[in-house]
Amino acid sequence: LSADEAYKRIKGFLKIDDAQAEALIAVYQAQHVGAPPSEILAFIVSDHAYRLTNIHGAEQKAQQAGGAPVFMYEFAWESPAFKGALHSPHTAEIPFVFGNVDVASAFTGDGPELKPLMQQVMRAWANFARTGNPGTDELPAWKPFTPQERWTMVFTAECQLVHDPRGAEREAMN
């Protein structure tokens, strides 16, 4: 897509005015330096459709009086399949959660980080089901998410606990 076509699609999809579209696109371009317009569009649409919904749900759950803690994650591992064109798409973590990266190799590729990451993800999900806390000895200490302390485990080949990952994009979208 041309920059103009991506701009028109973003503006129409989000139903925002010119100033809002320009500001939003500028934030995403700063966070994804060199990304072509079609990828900026994909990042914005994906965040709007999936990421922000999850964040809003986590915020609401965290604010419930007497509720269980919220543990937020972002699966940011990027698939090498299709020459990396997929980046880290929606549901990319599923083969890792269920130990099926070999079965899903057309989608996951076959890099050396697959099995260790799969083990970390499987253990975190199992620990969460067992105890209500996904933390494991193999991951950084996983602090609960709150709207004030937006701790999020970012799953990549080098997992890390991050305060408000991609916060500039989240704020721009809001």
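The model is predicted: local features need pLDDT of at least 70, side-chain atom pairs count only at pLDDT 80 or more, and totals for chains, interfaces and linings use all residues. Residues are numbered from 1 along each chain as its sequence is written, and side-chain values use heavy atoms, with hydrogens and water left out.

View 1. Helices (H or I, at least four residues) and strands (E, at least two) are DSSP runs, numbered from the N terminus. Helix α3 comprises 26 residues (37-62), which at 1.5 Å a residue should span 38 Å, and the 35 Å between its end C-alpha atoms agrees. The expected span is 1.5 Å times one less than the number of residues. At Asp47, α3 bends by about 45°; the bend is the angle between axes fitted to the seven residues ending at a residue and the seven starting there.

**View 2. The buried residues of α3.** Buried means under 20% relative accessible area, with a 1.4 Å probe and protein chains only. Among the buried residues of α3 are Ile40, Ile44, Asp47, Arg51 and Glu59. The buried residues of α3 pack against α1 (3-14), α2 (18-31), β1 (72-75) and α7 (167-173).

**View 3. The nonpolar cores.** A nonpolar core is a set of buried Ala, Val, Leu, Ile, Met, Phe, Trp, Tyr and Cys residues joined through side-chain atoms within 4.5 Å. The largest has 20 residues, and Leu24, Ile40 and Met173 are among those with the most contacts inside it. Two or more residues come from each of α1, α2 and α3, and α3 gives the most, with 7 residues. Leaving aside neighbours within four places in sequence, Leu24 is in contact (heavy atoms within 4.5 Å) with residues including Ile10, Ile44 and Met173. A second, separate core of 19 residues includes Phe75 and Trp77.

**View 4. The lining of the largest pocket.** The largest pocket is lined by 40 residues, and Arg51, Glu74, Phe75, Ser88 and Arg166 lie nearest its centre. Helix α3 supplies the largest share of this lining, 10 residues. A pocket, on a 1 Å grid over the protein atoms alone, is an open set of points where a 1.4 Å probe fits, with protein on both sides within 12 Å along at least five of seven lines; lining residues have an atom within 4 Å of a point.

**View 5. The surroundings of Ser79.** Ser79 counts as buried, at 3% relative accessibility. Ser79 touches Gly84, His87, Phe107 and Thr108, not counting residues up to four places away in sequence.

How values were computed: Buried means under 20% relative accessible area, exposed over 50%, partly exposed in between (1.4 Å probe, protein chains only).
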